[in-house]
Amino acid sequence: MINSSIIITAEKKEKFIEKTIDSCIKQNYRNFEIIVAYTKLKNLNILKKRFAPYKIFFIKVHKRLNNRLHDQLNKIKICLKISRGENIFLLDGDDIFLPNKLAFINKVIKKKEILIIDN
């Protein structure tokens, strides 16, 4: 069973999405899947070739809502339906994970510690 699902919304993030995906696959924790949701992604074929060896699902979600925030939430909702992870991590297409992020969070969850993250 997959422990964690990383959902990335990638709308208009062509300049950054490769670094975002790289930061996910470089985790020192391995039991996860990556789901990239997009409506339009100019470099999709390049990304699919580059990341072919990894468990990455690229999901095209047709734009249904005019409000960008609602559209992004719709992408997340669709990805949640197909995700298999017990824990869900959400990223924008220009966010970066530190290499130990998943290991740290999963350790905290396993120990049932209280975790507060405040940016």
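**A chat about strand β1 and its sheet**

Colleague: How many bridges join β1 to strand β2, and which way do the two run?

Modeller: Six bridges join β1 to β2 (residues 32-38), and these strands run parallel; two strands count as paired if DSSP finds at least two bridges between them. Helices (H or I, at least four residues) and strands (E, at least two) are DSSP runs, numbered from the N terminus.

Colleague: What kind of model is this?

Modeller: This is a predicted model, in which local features need pLDDT of at least 70 and side-chain atom pairs count only at pLDDT 80 or more, while totals for chains, interfaces and linings use all residues. Residues are numbered from 1 along each chain as its sequence is written, and side-chain values use heavy atoms, with hydrogens and water left out.

Colleague: Which residue in β2 is the bridge partner of Ile6?

Modeller: Ile6 has Ile34 as its bridge partner in β2. With helix α1 (residues 17-25) included, β1 and β2 make a right-handed β-α-β unit, meaning that, with the strands pointing away from the viewer, the path from the first strand over the helix to the second runs clockwise.

Colleague: In what order do the strands of the sheet come?

Modeller: The open sheet has four strands in the order β3-β2-β1-β4, with parallel pairing. β3 and β4 stand at the edges with a single partner strand each, so one side of each has no neighbour in the sheet. On the β4 side, six bridges link β1 to β4 (residues 87-92), and Ile8 stands opposite Leu91 there.

Colleague: Which residues touch the most other members of the largest nonpolar core?

Modeller: That core has 22 residues, and Ile6, Ile8, Ile21, Ile34, Val36, Ile56 and Phe58 touch the most other members. A nonpolar core is a set of buried Ala, Val, Leu, Ile, Met, Phe, Trp, Tyr and Cys residues joined through side-chain atoms within 4.5 Å. Another core, of five residues, lies apart from it and includes Ile7, Ala37, Val61 and Cys79.

Note on methods: Buried < 20%, exposed > 50% of the residue type's maximum accessible area, 1.4 Å probe, protein only.
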